[in-house]
Amino acid sequence: MRRVMNMLARALGSLGLSCCLLSLLGLLTWLGTLEQTKSGLYEVQRKYFESFVLLHDFGPISLPLPGANLVLSLLAINLIVGGVVRIQKSRRTAGILIAHLGILLLLAAGFVKWRFSNDGQITLYEGQRADYFDDPYRYELAIVEHRESGELFESRVPQEIFTPAPGSDSVRLAGGGLPFAIEIEHFARNSRVMRKGPMFEVQVPVIDGFFLREEAVAKEAEANIAGAYLKLVDAASGEAEQAIVWGAQAQPWTAKCGGRTFTFDLRRERHELPFAIELDKFAKVDHPGTGIPASFTSDVTVDEAGSERPLRISMNEPLRSQGLVVYQASWGPQNAGPGARLFSTFAVVRNPADRMPLAACVVIACGLLLHFGRKLGGALRNRAAAQ
């Protein structure tokens, strides 16, 4: 048994395995880059870099490949076994050992980012305020009960629950103390609400003269607007009412059931912020003689735990607070004329490992300086002795 374990340890910690895994990472990076000519960045990232196994199409042939998650996991094991456990411990290898620990810290930061982080965006006009950010890739169905006391009670259904399974066209949801069941039909990742006219032959319900038309999924995932037909079935009477819910509709659908009032909103998935941010002023400076922005900044007020503070967010100066980073990302409308009202868009990243890559790079640099410093010192001493 010990012999088998030693053989396994040698294989897992071998330099040959390291070279093979690094070559696979290079291959995945190359294939993922080529794939972006057909798919958006979000889909490519999920397929090649957030998976354990994937299928890549080489012409008419689909071949299985290890995803970056599997390759990096094996690389971490290889580094632990070969670069930390089995390496000879001495003053001569201290720098290499420290550098290996720094690389492991960098891999750990990547794992924390993949597993525990989320990101999204906030779009605000001057004077607007938000205490949440939207996920640009995922949707949720928000069910809000408007009680007589004025209170709002909100339930959220994530996209993976109301998306029909392959081969099915509907999903039924019930329970949660609600006086109705919900049937979600004809869900489309990308859709448009169209007015029914004689030029359209439709196979879906027409409601108040409108129908939901499914469209081809956009290359960039954030450009897709989800839509579906929502049927409300009263649990007591069995009566049903149907409506279209769409990701870009101006107002949520309102319905009454069991003497209670509810609204239904298909919207981008929301994540709460531990503070509120209000846009006070947005400023854009163009390159002279052009309409191309040289810089754009947002003066905001951050309300955190009842304490307000002014702050300027620019392209290179984000807001960092409570594990969140808020960047100045873009602005719009892009075709706005002089004096038009502009909005500012902020990218929001919640990453518990935000500072870990910097710490890892410092550890790696210290290890390399120690190792090559010892090598340089030894070479200088040998040259001096030879003279």
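**Close-up 1. Polar contact between the side chains of T301 and D280 in the predicted model.** The two side chains approach to 2.6 Å. T301 belongs to strand β14, which spans residues 293-304. With a relative accessibility of 15%, T301 falls under the 20% limit and is therefore classed as buried. Leaving aside residues up to four places away in sequence, T301 touches A276, I277, E278 and D280, together with E308, R309 and P310.

**Close-up 2. Packing of helix α4 against helix α5.** Helix α4 comprises residues 68-85 and helix α5 residues 94-116; their axes lie 10 Å apart and form an angle of about 155°. Because this angle is over 145 degrees, α4 is described as roughly antiparallel to α5. The crossing of α4 past α5 is left-handed.

**Close-up 3. Residues forming the contact of α4 with α5.** Helix α4 contributes N69, L72, A76, L79, I80, G83 and V84. From α5, the contributing residues are L97, H100, L101, I103, L104, L107 and W114. Sorted by class, the contact consists of 11 nonpolar and 3 polar residues, with no charged residues.

**Close-up 4. S168 in the loop between α6 and β6.** S168 has a relative accessible area of 36% and so counts as partly exposed, a class that lies between the limits of 20% and 50%. The C-alpha atoms of S168 and E185 are 9.2 Å apart in space, and the two residues are separated by 17 residues in sequence.

Notes
Residues numbered from 1 in each chain as written. Predicted model: local features only at pLDDT ≥ 70, side-chain atom pairs only at ≥ 80, totals over all residues. Heavy atoms only, no water. Axes fitted to C-alpha atoms, helices over the stretch in contact; angles between N-to-C directions. Helix = DSSP H or I, 4+ residues; strand = E, 2+ residues; numbered from the N terminus. Parallel < 35°, antiparallel > 145°, perpendicular 65-115°, else oblique. Left-handed = near helix turned anticlockwise from the far one by under 90°. Contact = heavy atoms within 4.5 Å. Nonpolar A, V, L, I, M, F, W, Y, C, P; charged D, E, K, R; others polar. Buried < 20%, exposed > 50% of the residue type's maximum accessible area, 1.4 Å probe, protein only. Polar contact = N/O pair within 3.5 Å; in protein donor to acceptor, adjacent residues only side chain to side chain.
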